[in-house]
Amino acid sequence: MSKQIIIKKVYWSSRKTFSLKIDENGALIIRAPKGSTINDIAQIINRKIRWIEKAQKSVQEFREHIKPKNYVDGEAFFYLGAKVTLRFVETDRVYADGNYLFAPSVGKESAQREIQQWYLNEARKIFSHIVADFAKKMNVAYSIIRVKNSRTRWGSCGKNGSINLNWRLVMTPPEVIEYIIIHELAHIVHRNHSKHFYNFVRRFCPNYKAMEQWLRTNSHIMKMFR
């Protein structure tokens with residue numbers, strides 16, 4: 001093992017397989033089958049050590065950006081899964097270009113308002129395009145797209161076929177955004193999380209389990225900009 005891994009909690013249950021999760025503080029939580037031993041747990045950690053270290057590093061990096069923003073030149077933000085550096089320039093709008101997020105040279109309160117509005121506008125534009133694209137591929141009809149300021153959910157599907165998406169998703173990688181949209185569109189056909197539902201999701205997102213793991217590991221993004 002390349003470094004000591006501290007386990008926050010182990011839950012034993014009637015499950016048949018191990019489940020590893022990195023919580024929002026970077027701690028490891030394990031769900032294990034009844035009858036499994038400490039040695040079994042050590043072996044699964046050894047097998048998953050690279051994933052654990054990568055997930056913990058990701059949490060650490062994102063946690064640095066959960067802290068209250070100062071909206072100063074050189075500060076880091078996230079857009080479509082990539083880190084962008086804030087630069088104040090002579091411009092009348094906020095926009096991203098390469099590794100930078102450019103914004104007008106204004107006071108902190110105005111900068112905060114304009115940057116958050118930019119995120120919201122980008123979310124609406126990007127989400128609407130992806131929803132329309134996958135709705136066609138999946139042969140499903142939705143009623144409306146709503147971009148919301150949810151505190152607990154990445155997305156949801158209303159009974160009337162509305163697709164509701166957390167605007168903070170625009171900070172995540174494109175493949176994660178696509179998975180959430182596929183997931184919610186699939187609920188128009190299957191209202192539960194049955195085997196049929198996940199088989200349907202898998203047709204359009206074969207690696208959906210990896211996307212779910214990414215979202216669990218990075219759930220702290222929901223706390224940003226509150």
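Buried means under 20% relative accessible area, exposed means over 50%, and partly exposed lies in between (1.4 Å probe, protein chains only). The model is predicted: local features need pLDDT of at least 70, side-chain atom pairs count only at pLDDT 80 or more, and totals for chains, interfaces and linings use all residues. Side-chain values use heavy atoms, without hydrogens and water, and residues are numbered from 1 along each chain as its sequence is written.

Side chains of opposite charge can pair when their charged atoms come close. A salt bridge here is a side-chain nitrogen of Lys or Arg within 4 Å of a carboxyl oxygen of Asp or Glu. The count is 4 salt bridges. Among them are these:

| Pair | N to O distance |
|---|---|
| Asp73 and Arg87 | 3.2 Å |
| Lys125 and Glu122 | 3.1 Å |
| Lys137 and Asp133 | 3.3 Å |

Helices (H or I, at least four residues) and strands (E, at least two) are DSSP runs, numbered from the N terminus.

Take Asp73 and Arg87, joined by a salt bridge. Asp73 sits in the loop between α2 (49–63) and β4 (76–79), and Arg87 in strand β5 (residues 82–89), so the pair ties together parts 14 residues apart in sequence. Asp73 is partly exposed, at 44% relative accessible area. Arg87 is partly exposed too, at 29%.

Helix α3 (residues 108–138) holds both Lys125 and Glu122, which are 3 residues apart, about one turn of the helix. Lys125 is exposed at 51% relative accessibility, whereas Glu122 is buried at 11%.

Lys137 and Asp133 are 4 residues apart in helix α3, or about one helical turn. Asp133 is partly exposed, with a relative accessible area of 32%.
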